[in-house]
Structure formats: C-alpha cells, structure tokens
Amino acid sequence: MQTRIAVLGAGFAGLELATVLSEALGDDAGVTLIDESDAFVFGYSKLDLMFGRTTLEEVRLPYADVVKPGVRFVRETVTAIDPQARRVTTNADTYEADVLVVALGADYDFDATPGLDDENEFYSVAGAERLRDVLPTFTGGRAIVGVCGAPFKCPPAPSEAALLLHDHLSNRGVRDDCEISLVLPFSAPVPPSPDTSAALLAAFAERGIAFVAGRRVSSLDPARGVAVLDDGAELAYDLFLGVPKHRAPEVVLQSGMAEDGYVPVNSRTLETRFPGVYAVGDVATVGVPKAGVFSEGAARVVAASILAQRRGDGQPPGYDGRGSCYIEFGAGRIGRVDVDFLSGPKPTGSFQEPSRDLVAEKKQFGAGRRARWFAR
C-alpha cells in the first residue's frame, strides 16, 4: 500500500523533499505538495528586485513546472492542521496522511512593530517591488536598514541591503548627501564567524555605514520620521528599509504544535512530538538559521528517514546543521560563509573573501536548484 505523504509548503524544504522522494520512489512516492502561491522565488532575489537588477518575471518559477513522478502539486491554502490525526484541511479539500511534513515557513508580524507596514519592508516580494519604485526618489537624507526582531530569515541579508544601498546611491551620484545606518539585534553581523563579521564591519567602515549592534527597532513614528529602538533610543530617518518580526503562520499556531512561536523538533531527526509528523525549515526550532540552504539540508534528512522506514532500514544519519551562505559585499563581489551549527559545542564558521568567482558560484547555486526542482 502506498504511503501518503502530505508536504505543507513548497519552499526550499518542500521542493527538495518532494524531489528526493520522487527520485527514489518514482510513481510510488505518494507526495501531495500543498502551497497557496503559484510560484517560487529565491529569497536572495528580493534584493535584486529592490535594487532594480532583475524583474519579477525573470525570477518567478511557476509551480506548474514541478512535474515529477509520484508528486502532485495543489495550489490551496492550509486552513487547519490536526497533527494527532495527521489531517490537513485546506480552502478546497481535506487530506489524510501517513506522514505529515510541515514546511510552511515563517510569516511577518507587522503588529509587533507599531508604525511598520508593508510600505517599508523589503523581506517580501511585494515589499521589495514597492521599495524598488521608492529608492529612485531618495536623493538625500538618513536611511536606516532596521531589523525588528530575531530570529529572522537569512541573517546576512540586512548587511547586504546596507552595502547594496551604498552602491545604488553612489551610482546615482547622491551618496554624499545620504547617511546609512544598519540596526541589527546581534553583537556582530554574523556571530558564528568572526572572520565574516570582521570583513563586513570593515566594509561598513570603508563605506561610512553606521552599525548599531545588539539593538532592534521596536516601533516607527512616521509622522516624526523616527525609529525607536528597544532601549528607547531614537534614530531619525527619511528612508526606512525594514525586516519585520517573524512568527510561525497562524494555522501552525492554532494547531497546538508550536511553543514560543515555532514548532519544536528533534534537531537531528526533525521529528515533532506527534508520531509521523515532521517540521522543517523556518517554521521549526532546530538551532540553525532560518535560511533556505539549512531548510534544504533538513529536508534531505526527513526524506532519508521516510525512505528508511519504507525499506525497513535503520535510522539514517541525523541532521548536521551545516550550510553555506553567499553574502553580497557590493562592487560586484560576493563572499561566502560556511557554518556548522550542530557538530560541536558551539556554532563555527569559516569565511571566503569576496570575489567575482563567488558571483559565478552563487549563480550556479540557483541554476542547479532551478534545474533540479523545476526542470528549467
């Protein structure tokens, strides 16, 4: 009898999980992949959108192109999850599963930061597109790239945004009339890798970008043009590029799976406390960053576990918490940090200096996944 596998969310984790199972089992994979969107967009493409380096049409990957043996994609919104029964309700149907994988990512909680709205955040596709039209009108004044809470997706992205904003303003000839500040709730830009943090701090200093460490933006006062930090300090702004506070989707919070805003899992197996139910990616508390490459790695572990159970094999190796992140340093150069979060007593990271070779490597990273997941 075919195992019924319901995968909620078609991001890095959902796409990789469905692909591995299809490759291994073909028509017997039994995967139903559910997502409310009609297309996938790599997270790093949002910066390209915001700074006008690409268009949405160029980076959209339609889920209609996910054609794999044993995988059925349905565009529906998940409205209820019963983890005990492994039952999923959507706006169109109900699905009973033998194995349930929750990979719905993290949503944005605008209410947590008074004054923040979808007009001044760049972490969604729509927000990046809106700010793309705003940036050309900014000709002078104070710009803030501000993070409103942690954890948040892709920890290097705010640093990248500040550096790319410097390039954007410089190319327009208005950089001397502008100030740029980065507000980050970490003591360093990339805490697990001192070398990466040092390189970013040097890049900020060289470009005159003020780094406000260990603080988050707690509210905005648009009427006064002021960002209020969590210690009560105020920073004036004329342009605000915000990272909203994150939380698990409401349907996950209502399911009874979440604790402290996210779904706790066994960090090695990604199992929840509910038998046959896994949580993967940004929706889960694992001990790794909320970034696509880590979600992808965790999905491979879940796929290996599902395959081992079907074949009657022993438990496969657990999740190692390793991943690499590319970091835009501006001026046409990209660096890379390789991080290990779970092997040792504390996270460690190694840094590769920014180069044009890594620009090509990052492009290949995206191209390989496009081909693997979407046959493009």
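Predicted model: local features only at pLDDT ≥ 70, side-chain atom pairs only at ≥ 80, totals over all residues.
Residues are numbered from 1 along each chain as its sequence is written, and side-chain values use heavy atoms, with hydrogens and water left out.

**Entry: the sheet**

I took helices (H or I, at least four residues) and strands (E, at least two) as DSSP runs, numbered from the N terminus. I counted two strands as paired if DSSP finds at least two bridges between them. I found an open, antiparallel sheet of three strands in the order E22-E23-E24. Strand E22 (322-330) and strand E24 (348-355) are its edges, each pairing on one side only.

I then followed the bridges. E22 and E23 are joined by eight, with Gly330 partnered by Arg333 in E23. Strand E23 (residues 333-340) and E24 are joined by six; here Val339 has Gly349 of E24 as its partner, and Asp340 stands opposite Thr348 in E24.

I checked the burial of E23 and found seven of its eight residues buried, that is, under 20% relative accessible area with a 1.4 Å probe, protein chains only. Helix H9 (residues 356-374) lies across E22, E23 and E24, at about 65 degrees to E23; contact means heavy atoms within 4.5 Å.

**Entry: two helix pairs**

I recorded helix H5 (residues 157-171) and helix H6 (residues 194-207) as packed at about 30 degrees, with axes 11 Å apart. H5 is therefore roughly parallel to H6, a term for angles under 35 degrees. Ser159, Leu163 and His166 of H5 make the contact with Leu200, Ala203, Phe204 and Arg207 of H6.

I turned next to helix H1 (residues 12-25) and helix H8 (residues 292-311), whose axes come within 8 Å and cross at roughly 35 degrees. Residues of H1 in this contact include Phe12, Leu17 and Leu21, and those of H8 include Val293, Ala299 and Ile306. I noted 13 nonpolar, two polar and five charged residues in the contact; Ala, Val, Leu, Ile, Met, Phe, Trp, Tyr, Cys and Pro count as nonpolar, Asp, Glu, Lys and Arg as charged, and the others, Gly among them, as polar.

Conventions:
Axes fitted to C-alpha atoms, helices over the stretch in contact; angles between N-to-C directions. Parallel < 35°, antiparallel > 145°, perpendicular 65-115°, else oblique. Buried < 20%, exposed > 50% of the residue type's maximum accessible area, 1.4 Å probe, protein only.
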